[in-house]
Amino acid sequence: MTAPATVIRVPSRRRLLLAVGALVAVMLSACAEDAAQDTWQPEGENANRIHNLQWPVFAIAGVVGLLVFLAIVWIVIRYRDRGQPIPEQSHGKPALEIALTILPALILVGVAVPTVGTLMALAETDDTECSVNVYGQQWWWEVEYPEQEGCGGIDREFVTSGQMVIPTGTKVLVSGTSRDVIHSWWIPALNGKKDMVPGRVHTVRTQADEPGIYAGQCTEFCGLSHANMRMEVVALDPGDFETWKANQLKPYAAPEEGSIAAEGESAF
Ligand SMILES: [Cu+2]
């Protein structure tokens, strides 16, 4: 025979405090000051465009959400069942129904106009100053710098992995695809996400105002090591970028046998 289960009675006041405490803890967990992948800290032109759109939309949605929530709470408390008789039933209220159709439509138009404008601005690629190709694969990114007059001039194609190095203040066009499954390129501080799909080339512009390392993460589940499929955009002053480029174009030199570089080369 099994022993009867013990029921622990938690006073309702303490239960409420626990619930509020848990809610506050969950909310505070979103407040990291130096989160590398924070969408609220834009560092480039297109990220700023997204930011300038998401603030007002978030505010409008927040106000609407709060009003609906308060109305529900008020109705639930005010009209709760206290054994009173069912009130007289009515049907239809044209003025209210028309108002409640027009008001949300106006709010949606108010959100749609700047949204479409931002989408069109984000799709702009005519004034690109530097082109970089990206290939996603399980579970790393290959970054290719094709021959071009952009990026300060590149006369011989070269390839890097995991890190994309760009000059600051330069409009860089990233053209990407995938060699296996769908991946997604996302550097939150510099622009929105872009899926990288086998057989298709998708473009996303990236630009960093200041030198720095901008972290990103594949954002399309792509297999067991998806969580490890990270990437970085390293923005260098144009002078430093030239030095980096010259280094990349140096002839291949085999690493010294037994060195960490040799170990890395064989692992890769
Ligand atoms: Cu991936």
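1. A residue counts as buried when its relative accessible area is under 20%. Phe-158, at 6% relative accessibility, therefore falls in the buried class. The model discussed here is a predicted one.

2. Phe-158 takes part in an edge-to-face pair with Trp-244: the ring centres are 5.6 Å apart and the planes stand at 65°. This pair joins distant parts of the chain, since Phe-158 belongs to strand S3 and Trp-244 to helix H4 (residues 238-248), 86 residues apart. Trp-244 is also classed as buried, because its relative accessibility is 16%.

3. A search of the whole structure gives 8 aromatic pairs. In one of them, Tyr-145 and Phe-158 are stacked, because their ring centres lie 4.7 Å apart with the planes at 10°. Tyr-145 is buried, its relative accessible area being 0%. Tyr-145, Phe-158 and Trp-244, together with Phe-241, make up one aromatic cluster.

4. The copper site comes next. Four residues coordinate the copper ion, at 2.1 to 2.6 Å: His-183 through ND1, Cys-218 and Cys-222 through SG, and Met-229 through SD. The angles among the 4 donor atoms run from 88 to 125°, and the site is tetrahedral. Along the sequence, the donor residues follow the spacing H-x34-C-x3-C-x6-M. His-183 is in strand S6 (residues 183-185), whereas Met-229 is in the loop between strand S9 (212-217) and strand S10 (230-236), so this pair ties together parts 46 residues apart in sequence. His-183 has 0% relative accessibility and is buried; Met-229 is likewise buried, at 0%.

5. On the surface there is a nonpolar patch with about 1000 Å² of accessible area together; its members include Ile-60, Phe-69, Ile-72, Leu-103 and Ile-107. Helix H2 (45-78) and helix H3 (94-122) are the elements that supply two or more residues to the patch. The greatest contribution comes from H2, with 10 residues. One patch member, Ile-72, lies in helix H2 and is partly exposed, at a relative accessible area of 49%.

6. A last point concerns Val-20. This residue is in helix H1 (residues 12-28) and is partly exposed, with a relative accessible area of 44%. Val-20 and Thr-115 are separated by 95 residues in sequence and by 35 Å in space, C-alpha to C-alpha.

Definitions and conventions:
Residues are numbered from 1 along each chain as its sequence is written. This is a predicted model: local features need pLDDT of at least 70, side-chain atom pairs count only at pLDDT 80 or more; totals for chains, interfaces and linings use all residues. Side-chain values use heavy atoms; hydrogens and water are left out. Donors are N, O and S atoms within 2.8 Å of the metal (3.2 Å for Na, K and Ca); water is not among the atoms, so sites may look incomplete. Four donors count as tetrahedral if all angles lie between 85 and 135 degrees; four count as square planar and six as octahedral if opposite donors are over 155 degrees apart and all others between 65 and 115; anything else is irregular. Helices (H or I, at least four residues) and strands (E, at least two) are DSSP runs, numbered from the N terminus. Buried means under 20% relative accessible area, exposed over 50%, partly exposed in between (1.4 Å probe, protein chains only). Patches are made of residues with over 30% relative accessible area and no salt bridge: like charges are joined within 9 Å, nonpolar side chains (Val, Leu, Ile, Met, Phe, Trp, Tyr) within 5 Å. Accessible areas come from the Shrake-Rupley method with a 1.4 Å probe; for residues, only the protein chains shown count as cover. A salt bridge is a side-chain nitrogen of Lys or Arg within 4 Å of a carboxyl oxygen of Asp or Glu. Rings of Phe, Tyr and Trp (its six-membered ring) pair if their centres lie within 6.5 Å; planes under 30 degrees apart count as stacked, over 60 as edge-to-face and the rest as tilted.
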